[in-house]
Amino acid sequence: MDGHFDGTNVNESDGGQELKTRLNTPFFQYFIPGSFIDQEEAIPNYIYYEDVNGEHPQSDSVDYFIYYQETTGLYPCLENEKLTFYLAKAHDIIYTYDDDYLPGTTLLGQRPVGKSFMGFRIWTPNGTLANGNSWWKHVYYIDYGTRVNIPLPTN
C-alpha cells in the first residue's frame with residue numbers, strides 16, 4: 001500500500017511483488033555472459049516453513065517464513081521489518097540446497113544440488129473463509145537451471 005497503513009494507496013503495491021522484485025534483482029552479476037539449461041521448478045509451500053523458533057518480528061501472530069495471513073480487515077499490511085524478514089528467509093530458502101538445512105533450523109532448502117538460481121515468480125491467490133476472515137497466500141515458483149557460460153569474443 002505504498003507505505004501507508006491508513007487505507008490510502010490500496011492496490012498500488014503488494015508485499016509479494018516487492019519481494020519478487022528484490023529477489024530477481026540480486027546484487028551479484030555473472031561476469032561471463034551465459035544462459036541456463038536443464039530448467040527445474042521448485043514450489044515451496046508455506047506450511048513446510050514454520051517459524052518454530054519465533055524469529056518473525058510478530059512471532060505471536062505469524063507462524064511462517066513465507067508470507068501467509070488471515071485477517072478480518074480489508075487488506076493485510078506488511079511493515080518494512082516484516083518485508084525484510086520475508087526477504088531474508090526467501091534468500092535462505094532459495095539458495096540453500098535441498099539436501100541441507102536452512103540456517104538455524106531443521107528445514108531443508110529448495111535449491112537442487114548442481115543448479116543455479118534463475119528467477120522467482122509469485123502468484124497471490126486470496127479469498128474469504130467461511131468465518132468471514134480474508135486470506136492471502138503467496139505461492140512461490142522458483143526456477144533453477146544449470147549455468148552455461150558463453151565465451152567472450154576475442155576480437
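**Burial, contacts and rings**

Analyst: Lys 115 has a relative accessible area of 12% and is therefore buried (buried means under 20% relative accessible area, exposed over 50%, partly exposed in between, with a 1.4 Å probe and protein chains only). This is a predicted model, in which local features need pLDDT of at least 70 and side-chain atom pairs count only at pLDDT 80 or more, while totals for chains, interfaces and linings use all residues. Residues are numbered from 1 along each chain as its sequence is written, and side-chain values use heavy atoms, with hydrogens and water left out.

User: Where is Lys 115 found?

Analyst: Helices (H or I, at least four residues) and strands (E, at least two) are DSSP runs, numbered from the N terminus. On that basis, Lys 115 is found in the loop between α2 (80-95) and β3 (116-123).

User: Which residues is Lys 115 in contact with, leaving aside its neighbours within four places in sequence?

Analyst: Contact means heavy atoms within 4.5 Å. With those neighbours set aside, the contacts of Lys 115 are Asp 38, Glu 40, Tyr 97, Tyr 144, Gly 145 and Thr 146.

User: What is the phi of Asp 38?

Analyst: Most residues other than glycine have a negative phi. Asp 38, which is found in strand β1, is not a glycine, and yet its phi is positive, at about 55°.

User: How many residues apart in sequence are the parts that the pair of Tyr 46 and Tyr 64 ties together?

Analyst: Rings of Phe, Tyr and Trp (its six-membered ring) pair if their centres lie within 6.5 Å, and planes under 30 degrees apart count as stacked, over 60 as edge-to-face and the rest as tilted. Among the seven aromatic pairs of the structure, Tyr 46 and Tyr 64 form an edge-to-face one, at 4.8 Å centre to centre with 85° between the planes. Because Tyr 46 and Tyr 64 both lie in the loop between β1 (34-42) and β2 (68-71), the pair ties together parts whose separation in sequence is 18 residues.

User: How far from the centre of the ring of Phe 65 is the charged end of Lys 89?

Analyst: A charge sits over a ring if NZ of Lys or CZ of Arg is within 6 Å of the ring centre and within 35 degrees of the ring normal. Phe 65 forms one aromatic cluster with Tyr 67, Phe 85 and Tyr 86. The charged end of Lys 89 sits over the ring of Phe 65, and its distance from the centre is 4.6 Å.
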